[in-house]
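Good morning, everyone, and thank you for making time for this.

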Amino acid sequence: MSKTQWVYSFGAGEAGGDASMKNLLGGKGANLAEMASLGLPVPPGLTLTTEVCTAFYENDRQYPDGLKGEVEAALAKVGKAVDRTFGDKEKPLLVSVRSGARASMPGMMDTVLNLGLNDETVEGLAKLAGDQRFAYDSYRRFIQMYSDVVLNVEHHEFEDILETYKEEQDYFLDTEMTADDWKKVISGYKSAVEKSLGKPFPQDPNEQLWGAIGAVFGSWGNDRAETYRRLHNIPASWGTAVNVQAMVFGNMGDTSATGVAFTRDPSTGENEYYGEFLINAQGEDVVAGIRTPQPLTKRAKEAMGETEPSLEEAMPPAYAELIAVFDKLEKHYRDMQDIEFTIQDKKLWMLQTRSGKRTAKAALKIAVDLCEEGLINKNEAIGRVDPHSLDQLLHPSLDPDAPRDLVLTGLPASPGAASGEVVFNSDEAERLAQDGRKVILVRVETSPEDIHGMHAAQAIVTARGGMTSHAAVVARGMGRPCVCGAGDLKIDKSGAHFSVGGRQVKKGEVITIDGAAGKVFFGEVATVQPELSGDFGKLMGWADDVRRMKVRANAETPHDAQVARDFGAEGIGLCRTEHMFFDADRIIAVREMILAEDKAGRETALAKLLPMQRSDFEALFQVMAGLPVTVRLLDPPLHEFLPHSDDEIEEVAKASGMDAEKLKDRAHKLQEFNPMLGHRGCRLGVSYPEIYEMQARAIMEAACAIEKATGEKVVPEIMVPLVAKGEELALLKTRIDAVALQVLKENNAKLDYMVGTMIELPRAALTADEIAKDAEFFSFGTNDLTQTTFGLSRDDSASFLPDYLRQRIFERDPFVTIDIDGVGALMKIAAEKGRKTRPDVKLGICGEHGGDPDSIHFVETIGIDYVSCSPYRTPIARLAAAQSKLAAK
């Protein structure tokens, strides 16, 4: 058996891995190896594989045998390549230690720079660089990062020491500090560490290295990483790699710089270089938003009204080299790249490349443009856009004509518009959002600890940070509007208000964010619905050409049906007739029907409802002319419609001529202990056939009328809910057919219609062959099928489902994504058995899962004919259905 290789080297003419080895080397390590093999300037280094991480957690945080020797050998190779030795006083090798999971998780795990510095090696660095200030600046940064990440000494302790010192010296910027100033600050830092831990800051570079490696592997299990994985469905079993890389320095004076760049604009998708840099800085200064960075290009500088020079102007040769690297990487990876670079004394070094995070709008434009540029084909373009992300495009922007009261301007970090109450901390944002309140999170800057609050908020505003800061990157990934770098924003220390130029906005007051313009307005500003055309239409057209499954929408109103049709729905997969009963003008007739003591009383009330139902269906059939419309007959338990207050009972008594006390008594008798499994669905049709007969008549009369009026084919599909036994459907289908034939005869019409059922009970799935004798179609009601399979109430499980997800009893919320092993297995059985009896039985899905891309991937594998989802999720389902078909090839 071959020995496991735990460490892979890269750089200095060597690449032990490549981009295809992402699962083993993590995204960062695989891409560093790939860039090295392309001949790009990559500082040499080594990658500890994700298998080390797995072994680390499986063996009670112990490293596998042989790892230490492999790391020492690889580190010696790095030192040789740069003519430095790790731990040497005269020519010390300094390294960065960074995480690198296979899925990009910006800011979620830990990084340490300048590792290898101590009281002796800092002098060696100063001599080599001929710059004491630079050496001591690097050392203080290392102490600060290492203490925070590895020793768990709070970051703010160091910030406080530095800020106090700067105030005493009357300094404003870190760059004003001299070498002697840094020495004094370092002395304060070391005292703070010793006071906090009871032992001095570690001076042994090997102890430092293994401490940092352990911290990065340990950070895979930290709260913020776990939250990020849960939100982005990244399995804990993937683990992270660790990259140890020779340091290059962007803080060596005015000929050095560091930056983050994208080969295209990640907000709009425009084919223009986009990025930021800082002269005389290290990488964390850019992404942490501690200093507001400068734009990369002259064009961006002018567009933003900046005065500081762009990189294009400040360092033209390095900029030209960087642009050549951009083009090489984009052509090589055939995708927009997110790049980290450092310029050390005029020499360019590449520290990272990865496929860049982008907004949905940018993803569409980049996919279509790359296809039209010939870099990818149409099928690849379809696969480049995450269907979930389309949600960002299907939501409002500010109404250009609405009045607005501008409070604050910052950087347009993530597009979209949202209004909500001002909150200043993430815990409060999460708590208020759980209470159903809309909040806007306002912070000086965000850190990875804020991820839960950012997820809960409608939008985010920060005083510091640029377009590539933590807040900007995370907000774009979540589809949250975000305004960053709003330098005029001052947050009151007590967290009671923020102020801008003397104007105060209190906690709890409503503000509106326009993320695309980088503006914050006081109060609520009206919004408009998005226009979907251009790149969206083009990509959707390509997706429609590829997909096999049809996409329908769940809709009861003409407005929802029109929205669905505009979004490309190919019919209605679920019209819930009970939603039509709650209107004020008909609820009394509904209650009258329920509370009637005999069939004659029910029929009197149903006669009032018939014309109302008929006009409902006419309006739907009009909008969906030429397309199928599946109408579910009355499903919920009758008690849901019952009057509760004395006034409501009095109202029904008046309308029906019944005695109020009798009504009260009847209402009491209809109450159920477990209504979800009670007298509902087809059981109502069995007990009170006249209800379903009225609905069948309304459907058929409406279909005849609209077909006659428009000349367009109307395709009604009548669906019987909650069937458990074939005999239930057989009985009800006989009655529905009798009414349908009678209506067709009365109207002298010929019309195709279908009768089918929902599969939402395990027994129905297991006996689908019996049910298919009478059902011309099945529609999987996956909401109830999930409830009845798990014995879980969707409405009540919210209180304990988070525990199940956190403890990994459930990998995913089964009400969001189909449980393939349980619910999915029942669906597969039903599909196979149903087709055995009736080969042409039409199969659909109409639960919430119909709009979930991962569920759509599953139902493609069992040959479902269509999915049905909420109108606004129709485009998501269309794209997911196309991707599922391509994946199945």
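Let me begin with a pair of residues: serine 99 stands opposite valine 242 in strand 6. Before I go on, please keep in mind that this is a predicted model, in which local features need pLDDT of at least 70 and side-chain atom pairs count only at pLDDT 80 or more, while totals for chains, interfaces and linings use all residues. Residues are numbered from 1 along each chain as its sequence is written, and side-chain values use heavy atoms, with hydrogens and water left out. When I speak of helices (H or I, at least four residues) and strands (E, at least two), I mean DSSP runs, numbered from the N terminus.

In general, strands of a sheet pair through backbone hydrogen bonds, either parallel or antiparallel.

How many of the residues of strand 4 are buried? Seven of its seven residues are, where buried means under 20% relative accessible area, exposed means over 50%, and partly exposed lies in between, with a 1.4 Å probe and protein chains only. Val95, Val97, Ser99 and Ala101 point one way, whereas Ser96, Arg98 and Gly100 point the other way, and all are buried. As a rule, in a regular strand the side chains alternate between the two faces of the sheet.

In the loop between strand 10 and strand 11 (347–355) we come to lysine 346. Phi of lysine 346 is near 75 degrees, a positive value in a residue other than glycine, and lysine 346 is exposed, with a relative accessible area of 62%.

Now please turn to the barrel. In what order do the eight strands close into it? The order is 25-26-27-28-29-30-31-32, and the pairing is parallel. From one strand to the next, the twist averages 25 degrees. Helix 22 packs on the sheet, touching strand 26 (572–576), strand 27 and strand 28, and its direction makes about 160 degrees with that of strand 26. Here contact means heavy atoms within 4.5 Å, and axes are lines fitted to C-alpha atoms, for helices over the stretch in contact, with angles running from 0 to 180 degrees between N-to-C directions. Strand 27 (residues 628–632) and strand 28 (residues 715–720) run parallel, joined by five bridges, and valine 629 stands opposite proline 716 in strand 28.

Helix 22 deserves a moment of its own. At 1.5 Å a residue, its 25 residues (599–623) should span 36 Å, and its end C-alpha atoms are 35 Å apart, which agrees; the expected span is 1.5 Å times one less than the number of residues. Among the buried residues of helix 22 are Arg602, Leu609, Asp616 and Phe621. A kink of about 30 degrees lies at leucine 609, shortly before proline 611, the bend at a residue being the angle between axes fitted to the seven residues ending there and the seven starting there.

Let me finish with one more loop residue. Asparagine 748 is found in the loop between helix 27 (726–746) and strand 29 (754–759). Is asparagine 748 buried or exposed? At 75% relative accessibility, asparagine 748 counts as exposed, and its phi is near 50 degrees, a positive value in a residue other than glycine.

Notes: Pairing = 2+ DSSP bridges.
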